[in-house]
Amino acid sequence: MSRARADEEEYWHSSKFRAFTFDDEDDELSQLKESKQAVNSLRDIVDDDDDDLERVSWSGEPVGSISWSIKETVSSSASSLEGRDSSLQKGSSSYAAFPKQVSSYSLSSLFRGRNKLPSFQSLSDALSDTGVKNYAPELRRPKAEYKDYSNDWSPKDTVRRMQRGKVLIFLKRTLRREILFRELEVRQVALCHLIHFLKETGEQKLLLDLLRFLDRTEEVALSQYREHLNIQDVEKRREFLKGCIGLPFSAEDTSHIQDHYTLLERQIIIEANDRHLEMSGQSEIFRKYPRKASILNMPLVTTLFYSCFYHYTEAEGTFSSPTNLKKTFKIPDKQYVLTALAARAKLRAWGDVDALFTTKNWLGYTKKKAPIGFHRVVEILQRNNAPVQVLQEYVCLVEDVETRLSLATKYKCHDVVIETYKDLKDRIQLTAYKCKVERGSAEEEKINSILNNMQIRWKN
Amino acid sequence: MAAAGRRDAPEAPDFGILKRLARDQLIYLLEQLPGKKDLFIEADLMSPLDRIANVSILKQHEVDKLYKVETRPAPSASDQFCFLVRPRIRTMRYIADIVNADKMSGRSRKYKIIFSPQKMSPATSGPSTCSPWMRTSSAWSCPSSSATTSCLPRALVVLQEGDHRWINSVARALQLLNSLYGPFGRAYGIGRCAKMSYELWRDLEEESEGDGQGRKPEIGSIFLMDRDTDYVTALCSQVVYEGLVDDTFRIKCGSVDFGPDVTSSDKSIKVLLNAQDKVFSQIRNEHFSSVFGFLSQKSRNLQAQYDRRRGMDIKQMKNFVSQELKGLKQEHRLLSLHIGACESIMKKKTKQDFQEMIKAEHSLLEGFDIRESTSFIEEHIDRQVSPIESLRLMCLLSITENGLVPKDYRSLKTQYLQSYGPEHLLTFHNLKRIGLLTEQAAGETLTAVESRVSKLVTDRAAGKITDAFNSLARKSNFRAISKKLGLIPRLDGEYDLKMPRDMAYVFSGAYVPLSCKIIEQVLERRGWQGLEEVLRLLNGHEFSVSDSTAEDGAAAEAQRVVLAVFLGGCTFSEIAALRFLGKERGCKFIFLTTAITNSARVMEAMSEARA
């Protein structure tokens, strides 16, 4: 960090700045617990006759509030509704296509008000029917008498026109696409509005045409890709994604789309296989841990977890094996280890956990290594209720002494604590720790023997 | 620290009027459809509606049954339908379907649609093709007002999406407030939407040819702040009590649902959080660490008061029961509720490594140990912890660092897609477009450029260079702004959160919210003089207008009332910070915002959910 000057450095390191911590061992929390007890102890006195208090202001939803009342109507009429809803929904989205009348006006001429070219109808004539009132009221505003809007599509005015004019929608209905697009191209704010409007109404085709016209190829691609979210059938979705690969994405995104397609393809295969396995009841793991949900459409890491859970030992050749997934999708080591660890720990397969971190060097010595901090490993193991013996092994691999000590103390890995204090030559702490281990246990004995060891040069 | 001769903050104007106005307007609209009718209410309008009316008021105006607008059509037998909806195309289709179905089955009914906050052009275009009987009606806006907050419907980040329709609602709200409590003496603002709203409002005023002459102004100045100016603050984890409650339980329209883990019973309770809650009103703006002490003090007092019962004679007891007991009981309830909430918050926060996360966040804000924070985020993603949190941290990294280094951007994006689903490709695109999560242009290490520029601040050429950068893509320039405005407090020793010395306390003393700092500076200078450099870094769009006649007319008290308008959302942390500022400077802040927001809401608005 180049700009951290020396004095800054010193400032930050020397600062006693200690904000409030969200650690559960804080004094504050015990304070909270006390107050809770105090309040609870009062409950007996208070709770005997509190009916009249129910209606007091702090209860935000008293009987008679609107939300409450709606819930009542819903629940009472829910049963009678069931039969009726399907028939009505079908005819719902018949969104009438508006006849696009061919027009030779340009947008500018529309806003100019009085048309200067004699061959065209004057604007007020063209718009004198009810349409004016509905779609472009400012064109009949008495105050501004056909103001020339064509040159000042400032954002502010556009907003106003959007608000009260509905001009865009009118234009969209009446103008030929090419003209509309051409005119909008030079008016960015209006363009934004139209794009937003098309997105909201779901007029995908027109939107794509517009984006294509504007040469926003990446947006076209993304907008098309977005459609896959609406496809429920997996096979159809897979087909659709296949089609998406060729869309003009950036190189980086193309590979993401390719991965998406490959992933879904894999998931379909795995799902078919595993459902069969599960139904037949042949596989022990499926009998012991029935699947809670299908793997279809899950993220890659979830899929990896799944395959580490159900297919951990499979050879790399099969689609469902973790190593295959790791290779195909170039999953980084870190992510792989975290996921595999979580899956194997969940199954309490401590042997696999051990193997995950054990590496052999060229001399044949084994050593434990992890791409993630060992404190993280400990945390995951602990969350899966790993026994102390297993935890201990990883706690002592935590490099930072402070963290190691706090983890060891927290999870009662006595041996690690004792060894660490011994290494630190901290007699006071070690003596203090004696009262935390059980009387007459092996740990106590160990502490005593260390304390009595004359060879150690204690620092205190 | 208490400034010498500190003035007390003036009283806020009476905002009950707003509530009454909204209610009257609703009743007026309901009465336009005389006779018995069924009312259909859109889900997100129910809470605001609860704040201004109740069932008995609706019944008085012949509302028969209440329904929620949802996908299921209504089975009602009533002859008249009234819809109270947001101007959305989806909802319009729902209504059109009902009308068409009636038409097909030969039923004749009367329909009325009430839009909140207003009728919007695209929305009405839907059904107008569907039914000749449709009667579209005028607007109904619902400022659900508590003592200081007026909640307009949530525009969220829609403003940045290029959809400027909500600006009109803001302008109209300003017009309303101006007519009731104005004229405002001074108006300041920053950001594109802020400027647009201001100008639109001025136009509205001109057109309506204000009748506010000769009234006594109650609000001295207004400040319009565009969320666009400061995303950083909105993305930070909140640690003041109200903010934490919002982050953890989601406060909706001033009320919150406390689940069974808070109430320590089997039912959840909906609680209205406002100044009437005597416990809440005292802790809402406090840093979370001070809350415990306060609650325990409170519960000890309560215990003592109950204990007084002992040794009372009959008469005293009678007095006690009739006068004090009710209050004590209520206080007891409130206390146990908030203690429960605190416990639940602590439980959730310790589970999700909040400590580590806050540490990473603070280093991002300070620009320290960026590498370490980046790998913290990476691990957060790899562990598949909350997708919203991961996204938030990435955005924070991007804004504070003026974009991610391309290598980091690629790798974080890839891992994010792998952890949370490939369709988030779309989310990344959304974020990039808005500038929340970007990639530094290749070969341009921004910190280098930045430091060069900040060395040459006085040099005009340097200004031009950064302008050129700004025009390429919007840069947040956070680091430079932070330096200029001193957003990261330098202090010796510990920051005493119980005796806050500046607005930084809302983020544990690590960061003064940018938006609030700007407001403070501008109010102090009565304009933007001397802030030119900051403005350039912020990308401008500032304004400062004073109306001398209004200013002279205002009483000294009223001049110290400031209306802070947040376009695109305001967080509880910002509210707390400004309230603190108000206490220090003897002025009163009133808040008007398009929505109460927090980091999760901002991120969710950007996130492309699975269909």
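Which helix of chain B holds Met357(B)? Select Met357(B) and look. The place of this residue is helix H14, residues 354–366 of chain B. Keep in mind that this is a predicted model.

**Stop 1: Met357(B)**

Is Met357(B) buried or exposed? Its relative accessibility is 1%, so Met357(B) counts as buried, the cut-off being under 20%. Now show what surrounds it. Beyond its neighbours within four places in sequence, Met357(B) is in contact with Gln352(B), Phe376(B), His380(B), Glu389(B), Arg392(B) and Leu393(B). Met357(B) and Ser573(B) are 216 residues apart in sequence, and their C-alpha atoms are 18 Å apart in space.

**Stop 2**

In soluble globular proteins, nonpolar side chains tend to be buried together. Select Tyr241(B), Leu436(B) and Tyr511(B). These three have the most contacts inside the largest nonpolar core, which has 132 residues. Then colour helix H13 of chain B, residues 314–351. H13 gives this core its largest share, 11 residues.

Zoom in on Tyr241(B). Leaving aside neighbours within four places in sequence, the contacts of Tyr241(B) include Phe280(B), Ile283(B), Phe288(B), Val291(B), His338(B) and Ile345(B). Now move to chain A. Trp350(A), Leu391(A), Tyr394(A) and Tyr433(A) are included in a second, separate core of 48 residues.

**Stop 3: aromatic rings**

The whole structure has 31 aromatic pairs over all chains. Pick out Phe81(B) and Phe83(B). Why is this pair called edge-to-face? The ring centres are 6.2 Å apart and the planes stand at 90°, so the pair of Phe81(B) and Phe83(B) is edge-to-face. Phe81(B) is buried, at 1% relative accessible area. Phe83(B) is buried too, at 0%.

Back in chain A, select Phe286(A), Tyr289(A), Phe305(A), Tyr306(A), Phe309(A) and Tyr310(A). Together they form one aromatic cluster.

**Stop 4: charges over rings**

Show Lys326(A) with Tyr336(A). The charged end of Lys326(A) sits over the ring of Tyr336(A), 5.1 Å from the ring centre. Then show Arg202(B) with Trp201(B). Arg202(B) lies over the face of Trp201(B), 4.7 Å from the ring centre.

**Stop 5: two helices of chain B**

Select helix H1 (residues 16–31) and helix H2 (residues 43–52) of chain B. How do their axes cross? The axes come within 9 Å and cross at roughly 110°. That makes H1(B) roughly perpendicular to H2(B). Show the side chains where the helices meet. H1(B) brings Lys19(B), Ala22(B), Arg23(B) and Leu26(B) to the contact, and H2(B) brings Leu49(B), Arg51(B) and Ile52(B).

Definitions and conventions
Residues numbered from 1 in each chain as written. Chains lettered and ligands numbered in written order. Predicted model: local features only at pLDDT ≥ 70, side-chain atom pairs only at ≥ 80, totals over all residues. Heavy atoms only, no water. Core = buried A, V, L, I, M, F, W, Y, C linked by side-chain atoms within 4.5 Å. Buried < 20%, exposed > 50% of the residue type's maximum accessible area, 1.4 Å probe, protein only. Helix = DSSP H or I, 4+ residues; strand = E, 2+ residues; numbered from the N terminus. Contact = heavy atoms within 4.5 Å. Phe/Tyr/Trp six-rings, centres within 6.5 Å; stacked < 30°, edge-to-face > 60°. Lys NZ or Arg CZ within 6 Å of the ring centre and 35° of its normal. Axes fitted to C-alpha atoms, helices over the stretch in contact; angles between N-to-C directions. Parallel < 35°, antiparallel > 145°, perpendicular 65-115°, else oblique.
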